[in-house]
Amino acid sequence: MTDPSSTTDLYAHLQAIDSVTLDADATFADLTSLHVGGRPRLTVRCATDSAVAEVVMLLDALQMNFLIVGGGSNLIVADGELDLVAVVLENREISLTTEGVLRAGAGAVWDDVVLASVEAGFGGIECLSGIPGSAGATPVQNVGAYGAEISDVLVQVLLLDRTTGEMEWVPASSLELAYRYSNLKFSNRAVVLAIELQLSTDGLSGPLRYGELARRLGATEAGERHPVADVRAAVLELRHGKGMVIDPADHDTWSAGSFFTNPIVPVALADEVQARVREVRGAEDAERMPRFPAGGEHSAKVKLSAAWLIDRAGFGKGFPGEGAPARLSTKHTLALTNRGSATTADVVALAREVRDGVQAAFQVILVPEPVWVGVAID
Ligand SMILES: Cc1cc2nc3c(=O)[nH]c(=O)nc-3n(C[C@H](O)[C@H](O)[C@H](O)COP(=O)(O)OP(=O)(O)OC[C@H]3O[C@@H](n4cnc5c(N)ncnc54)[C@H](O)[C@@H]3O)c2cc1C
């Protein structure tokens, strides 16, 4: 192989691969929804599965640092000149069968997938309407919203194994899907090339499990199913109100979505947090503290609301106020946003302040949800 340090050689090799486009100018500010981050050595856009596979295997053979990028909506990348190649997935084909089997290329825009499903009258992913990013990233952190998760309907994923170069459909059960987690997250072992979902075909949504959404739809019983298009419309409306649908004109949406996961803590710690809230803010507020059984492997634990804790720790919507380049969204305390001129360093400093403030107030350590590259919160 040629000299890996030579950009000219790298260009020539990559350019020889079909369905690949090279871009030397893009920065992570262009590639991510937070619009922060420095310049990769090169951005390589891949329009087919085989282009992705060839590019990934070439960069691995050259032992070159690279990062798979979908929509960049769950990524925080360091500022400055970066010694890594951005590999952007643009294999976007979507297919559906009359039996409700939906396949999507990893680079398909996730909300296009949801729209195609809803237009076909298929049910199962309408609650995931409006989540930014790509189809291929949905299993990576088992995306979820409004009581649904991709794991509810994911049957299998087409994986490119980076050690063998093999492409193979593997069952969803092998991915250890859990709350905002799979064994693909924080790992470089494989690239998702496509996903396959099994959806229902009777025109109705999955059972409604999220109170706010159920109320919006006038549901009277738990688990009711409603026409998929109605559920999609209601979810999009709720998400817009919280700045959780990307709108380039609205800086409240220049974010990575929920910045911290909801903490899962022992019952005793949840009780202590509630006692602390009672002491500082009164019994009424303490009684309102959201706490839910964590379920699954955490059945003895309690899930708290990160957004609520952030607010009660003194970080209200819009913190720290006008003029700061990075602020909490004015619509939702859980989104850290770039008001237009923020750098990664600004976002990280705000994340640290919020995390430390919540820890000082409640002894709960918030864990960031996005993937960090070349930068850390500590
Ligand atoms: C406004 C807003 C709202 C959001 N709301 C939600 C929500 O409701 N629920 C939720 O779960 N998330 C939410 N998110 C987070 C984000 O949209 C999801 O995590 C989404 O799935 C990320 O997709 P992406 O293509 O943008 O991934 P990227 O940010 O491009 O990548 C994220 C990570 O996945 C890896 N990756 C991406 N594609 C692949 C692939 N094909 N194979 C292997 N690794 C890959 C990347 O290398 C990186 O490590 C929100 C984000 C924003 C900005």
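Student: Which backbone atom lies 2.9 Å from a polar atom of the side chain of Ser255?
Tutor: The backbone nitrogen of Gly257. The rule for a polar contact is a pair of N or O atoms within 3.5 Å; within protein, one must be able to donate a hydrogen and the other to accept it, and residues adjacent in sequence count only if both atoms are side-chain atoms. This is a predicted model, where local features need pLDDT of at least 70, side-chain atom pairs count only at pLDDT 80 or more, and totals for chains, interfaces and linings use all residues. Residues are numbered from 1 along each chain as its sequence is written, and side-chain values use heavy atoms, without hydrogens and water.

Student: Where does Ser255 lie, and why does it count as buried?
Tutor: Ser255 sits in the loop between α6 (228-241) and β13 (264-266). Helices (H or I, at least four residues) and strands (E, at least two) are DSSP runs, numbered from the N terminus. Buried means under 20% relative accessible area, exposed over 50%, partly exposed in between (1.4 Å probe, protein chains only). Ser255 has 5% relative accessibility, so it counts as buried.

Student: And why is Arg339 partly exposed?
Tutor: Because its relative accessibility is 21%. Arg339 belongs to the loop between β17 (336-338) and α10 (344-362). Its C-alpha is 29 Å from that of Val113, and the two residues are 226 apart in sequence.

Student: How do I read strand β12?
Tutor: Start with burial. β12 spans residues 190-198, and eight of its nine residues are buried, so the rest of the structure largely encloses it.

Student: Which strands does β12 pair with?
Tutor: Two strands pair if DSSP finds at least two bridges between them. β7 (residues 101-105) pairs with β12 over five bridges, in the antiparallel sense. Glu196 of β12 is the bridge partner of Arg103. β10 (residues 154-161) also runs antiparallel to β12, with seven bridges. There, Leu158 stands opposite Ala194 of β12.

Student: Which residues come nearest to the ligand?
Tutor: A residue is near a molecule if one of its heavy atoms lies within 4 Å of it. The shell here has 34 residues, and Ile68, Gly70, Ser73, Ser134 and Gln141 come nearest. At least two shell residues come from each of β3 (66-69), β8 (144-145) and β12. The shell holds 18 nonpolar residues, 13 polar and three charged. Here Ala, Val, Leu, Ile, Met, Phe, Trp, Tyr, Cys and Pro count as nonpolar, Asp, Glu, Lys and Arg as charged, and the others, Gly among them, as polar.

Student: Which polar atoms meet the ligand's oxygen and nitrogen atoms?
Tutor: A side-chain N or O atom of Ser73 is 2.7 Å from a ligand oxygen. A backbone N or O atom of Gly72 lies 2.9 Å from a ligand oxygen. The side chain of Arg239 places an N or O atom 2.8 Å from a ligand nitrogen. The protein buries 94% of the 970 Å² that the ligand exposes when taken alone. These areas are Shrake-Rupley values with a 1.4 Å probe.

Student: How many aromatic pairs are there?
Tutor: Rings of Phe, Tyr and Trp (its six-membered ring) pair if their centres lie within 6.5 Å; planes under 30 degrees apart are stacked, over 60 edge-to-face, the rest tilted. By this rule there are four aromatic pairs. Phe259 and Phe260 have ring centres 5.2 Å apart and planes at 70 degrees, so they are edge-to-face. Phe315 and Phe319 are edge-to-face too, at 4.9 Å centre to centre and 85 degrees. Phe259 and Phe260 are buried, as are Phe315 and Phe319.
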